[in-house]
Amino acid sequence: MQAYVVSYSKYIIAIALAVYTLTAYFALPVRRGKNPFFLLLVQRLCWIVFMVNATLTLWKLGGEDSRILLSGALCVVVFLAFMLLYQALYEKAHVMLFNNICMMLSIGLVIISRINFAKAQKQFLIALAGLVFILVFPILRKKLDYLKNIWLLYALAGLGMIGVVLLSGRSVNGANILFTLRGFTFQPSELVKILFLLFLAGAFSGGVSGFKVFVTFIAAMAHVGILVLSSDLGTAMIFYVVYFMMLYIATGRFRFLTWGFVMGAIGAVACYFLFAHLRLRVEMWLDPWTYINDGGYQITQALFAISFGGWFGAGLFQGIPSNIPFVESDFIFAAIAEEMGLVTAICLVLLCLNIFIDILVLSEQYSNPFFRMFTFGTGVMYIFQTFVTVAGETKFIPLTGVTLPLVSYGGSSVLSTLILFGIVGSIFILHGEREEVFRRQMDLEAAQAARMEELRRREALQKKQEKDRERGILGRRKPRQKTGPGGFTMDDPRFQPGASIFGDDGQNHF
Amino acid sequence: MPSDLTNERKHAKKQIILVSVLFFLLMVLVTGWAVYYATVNKVELFNNDSNARETLLAKRIDRGTIYAADGSVLAENDASGGRVYPYGRVFSHVVGYAVMGGSGIEEYSKYELLHSNIPFQEKVACDEKGVKYPGDNIRTTLDPVLQQAAYDAMGSYEGAILVTEVSTGKILAMVSKPDYDPAAVAQDWDYYLNEDKAGTLVNRVTQGQYPPGSTFKIVDVIELLQEDEDADATYHYSCSGSFSQDGESISCYDHDVHGEEDLTAAFANSCNSAFASIGLSLDKSRYKATLKKLLFNGKLPYDMPYATSKVDLTTDISTREMIQVSIGQGTTQMSPLHLNMITSAVANHGVLMRPYLIDSRYNADGTLLQTWEPREYGELMSGTIAAQLRTYMRAVITDGTATVLRNTDYHAAGKTGSAEFTDDLQSHSWFTGFAPAEDPQICVTVIIEGQGTGSRFAVPAAKVVFDAYFGQ
């Protein structure tokens, strides 16, 4: 039994994930808003195979604790219920996106269970809260337009929160990033991510002036500065990149990207000389082997883990990922690579990319600048955070200790990521519905126009017949046939997606 | 205006595609890097001392067996899981031990020894019986007959012997003394930590650092022939027993007067005066480049731990220091492994084959999993120079300092050395050479510590090894 579990379980995991990833990419070109039945079915089957197999393996090799079986079953039921409910509640829902999100959460829960079952239970509860938010939030979707008006407030609130933490927060792993309130420890920078995106999307939604660029620049750099001072370098980097990417999309000017890059480089060098903790990080990145027992311990242990598993992994419980300090939050990618293998790790990255591309294609569809900017910002923040953590864990860039969104252990991180995706999902539903309304309106107008045209044609025909009758040349009449109803063409500006039908008040562009 | 909006959208479309492509490439790059790093460095990372996965696997895998080239067992697990070394102390350094951090092949090949590739059904059977999976076995290049001969030849002296196969780089024997009992390392650990016993566990072949003494004259000759192709014909020196320049002087061994010498005679006699003058006449920057090519002051093509060799040669070197460099004294240091590499390159038309110990890997059922082929490192010197050196090294046997090897059925070639390492003229005894001179098969390097000249101690030891190989 042991040999079967150890030998086959890892291949099943890798194959299930590989097939899942493949379907996710097949689904990408499917027209937005259409939810292909067959691909969804294959995906959910793969996911269930993955969950059942992983749960049984965890149970068998983890001391046959029946609570693991129970949790696994609960997880499958809850996630499946969420997926079906979301699909049923909102006709225009983007089901594929939330399939992917449940898959990411599941991978995370499996590897966290293996490392620390209690933490996995906690993570599950928080994920549950996030999923409930995703389900409920679209009820308020009609009000989404109002979110943009108080953009300056988001920046002030965000700065306030990370400012307070800088001054009074609790330090963990050398960084001042945690805040404890009535026994609950949370990481405000995670919540500030949402505020930051709302702020930038709001600021850039009503046209971009030089003044707006100035204000957003000051506010964004204040965020980055406070985060650097708090030693939360990974998050600082993410905010910096997200700001310049959004500025680029809002203005369409490539030179902002160039500026961002140049200033980032200069800033990084300046910080290198200013802050000792940053110098240490760089040193540990360049040569962790010399400091293998102190500063370089974490990264070298991560490299051992990643290289140990090979293509299909050592198998769950067959490695020692726990040798990496903070593995469940900062080194989850290394743990997955060790026990589930490089194939799974590659699939995981490809799924992250899939979610990212999916979101960016969505953002491209929206002509409402606020919706477009917010969706775009979420995508960039998500993928760049993934990059920072994966690259840090593999010694590609200096280590900064950020989480792998949706997978890593960390309540604040999971919750804030789910909230972001919840908003993105709501925007998508709203967009779909407005497009539907718009289409119906168009159809109605077209039908009306066709009727009018038909009437006109008949009238003209009648007149002509009368004339002909008057002239007495009835026998030589040749009736002409119209090609289409009403003479509408697809070049009509009203048919262009995103065109306004409500006027220029900036409110109701899709 | 609607038209403006449409424009804006088209703008954004272009930008969004650019951003997507940018991050896509970034993620592909980092994933590629992760996979590359993890797969290429797999064994090296596993073998790292800070990687606790060795202990992890030892709980599940019965460590594999290490075999000699002829199939005899060098190290295996007994029924109770203890490690047994049938040859005792004979292979102590080269095979090493698997406790206390490990050393030798036991440490270097632990990745293979601690991974099991038996068929799935056998793993199931092991589970049912509740026993560990048997790890993979490895076959080394070591020859027990030669190893035993070298071990005996070293007797109770301290020092090292390395025997390699010229055409492949296979290590046939590797002896370092003082030796130890590999089965008792854990219990004797504190004893070996004593200051006077501190060197016992060090493999002197690879990690010993000695002044090369007169064996370094091989290097001098390589450089001389590179600078002056006709040196073989035109070189001439008149030895009066000593040499002086700029107030610095050096005398030949035992103040011998060698008289009129060509290059062959100077090399065969190991004439210090001649080589001091040669050293001073050489182009320093070209010499420096040659030393680099001969692997001094840098990495050696060898997979297990080793000490790097060192020669302090600068373009503004003083006369005194240059004299020391040319006779392999002063701050110059090298390992027997490195000297063996240079010697075997001479024997192999100037081309160095990377020395290696592991020949193949089998699963516990004896199915071949992996073989290590001989690998060429590259050319250390031209074939012409190597051929010329071979005649000089042959002359060392016939007319020079290693006449002990003169009356054998095989024709050996080599170079002796006595390397002074203290001020009171105590010296290490060196010999490095190969046989047969006309078609070299094995290369032998010997150092015996603190026992005077090469002729008296190292050459007889080398003879024992050659005799064993050529069946005498």
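Which residue in strand 15 of chain B is the bridge partner of Arg361(B)? The partner is Gln370(B). This report describes a predicted model, in which local features need pLDDT of at least 70 and side-chain atom pairs count only at pLDDT 80 or more, while totals for chains, interfaces and linings use all residues. Residues are numbered from 1 along each chain as its sequence is written, and chains are lettered from A and ligands numbered from 1 in the order in which they are written.

**The sheet in chain B**

Strand 14 (residues 358-362) of chain B and strand 15 of chain B run antiparallel and are joined by 3 bridges. Two strands pair if DSSP finds at least two bridges between them; strands (E, at least two residues) and helices (H or I, at least four residues) are DSSP runs, numbered from the N terminus. Both strands belong to an open sheet of 6 strands in chain B, with the order 4-3-2-6-14-15 and mixed pairing. Strand 4 (83-84) and strand 15 (368-371) of chain B each have a single partner strand and stand at the edges, so one side of each is left without a neighbour in the sheet. Strands of a sheet pair through backbone hydrogen bonds, either parallel or antiparallel.

**Backbone features of chain B**

Two cis peptide bonds are tabulated below with the loops that hold their prolines.

| Cis peptide bond | Omega | Loop holding the proline |
|---|---|---|
| Lys177(B) to Pro178(B) | about 5 degrees | between strand 8 (171-177) and helix 9 (185-193) of chain B |
| Ala435(B) to Pro436(B) | near -10 degrees | between strand 18 (427-435) and strand 19 (442-448) of chain B |

Met100(B), a residue other than glycine, has a positive phi near 50 degrees. Met100(B) lies in the loop between helix 4 (92-95) and helix 5 (104-108) of chain B. Most residues other than glycine have a negative phi, and most peptide bonds are trans.

**A helix pair in chain A**

Helix 4 (residues 95-115) and helix 5 (residues 117-136) of chain A pack with their axes 8 Å apart, at an angle of about 165 degrees. Axes are lines fitted to C-alpha atoms, for helices over the stretch in contact, and angles run from 0 to 180 degrees between N-to-C directions. Helix 4 and helix 5 of chain A are therefore roughly antiparallel to each other, a term for angles over 145 degrees. Among the residues that meet are Phe98(A), Leu105(A) and Ile112(A) in helix 4 of chain A, and Phe117(A), Phe124(A) and Ile134(A) in helix 5 of chain A.

**The interface between the chains**

In the model, 44 residues of chain A are in contact with 37 residues of chain B, a contact being two residues whose C-beta atoms, placed from the backbone, lie within 7 Å. On the side of chain A that touches chain B, helix 14 of chain A gives the largest share, 10 residues. That side has 27 nonpolar, 14 polar and 3 charged residues, where Ala, Val, Leu, Ile, Met, Phe, Trp, Tyr, Cys and Pro count as nonpolar, Asp, Glu, Lys and Arg as charged, and the others, Gly among them, as polar.

**Confidence**

The model scores ipTM 0.86 and pTM 0.77. The predictor's confidence in each residue is pLDDT, from 0 to 100. Chain B has a mean pLDDT of 90, with 96% of its residues at 70 or more; over residues 1-8 of chain B the pLDDT is below 50. Chain A averages 87, and 88% of its residues score at least 70. In chain A, pLDDT stays under 50 over residues 486-491 and over residues 498-510. Where pLDDT is low, the predicted coordinates should not be read in detail.

Definitions and conventions: Angles under 35 degrees count as roughly parallel, over 145 as roughly antiparallel, 65 to 115 as roughly perpendicular and the rest as oblique.
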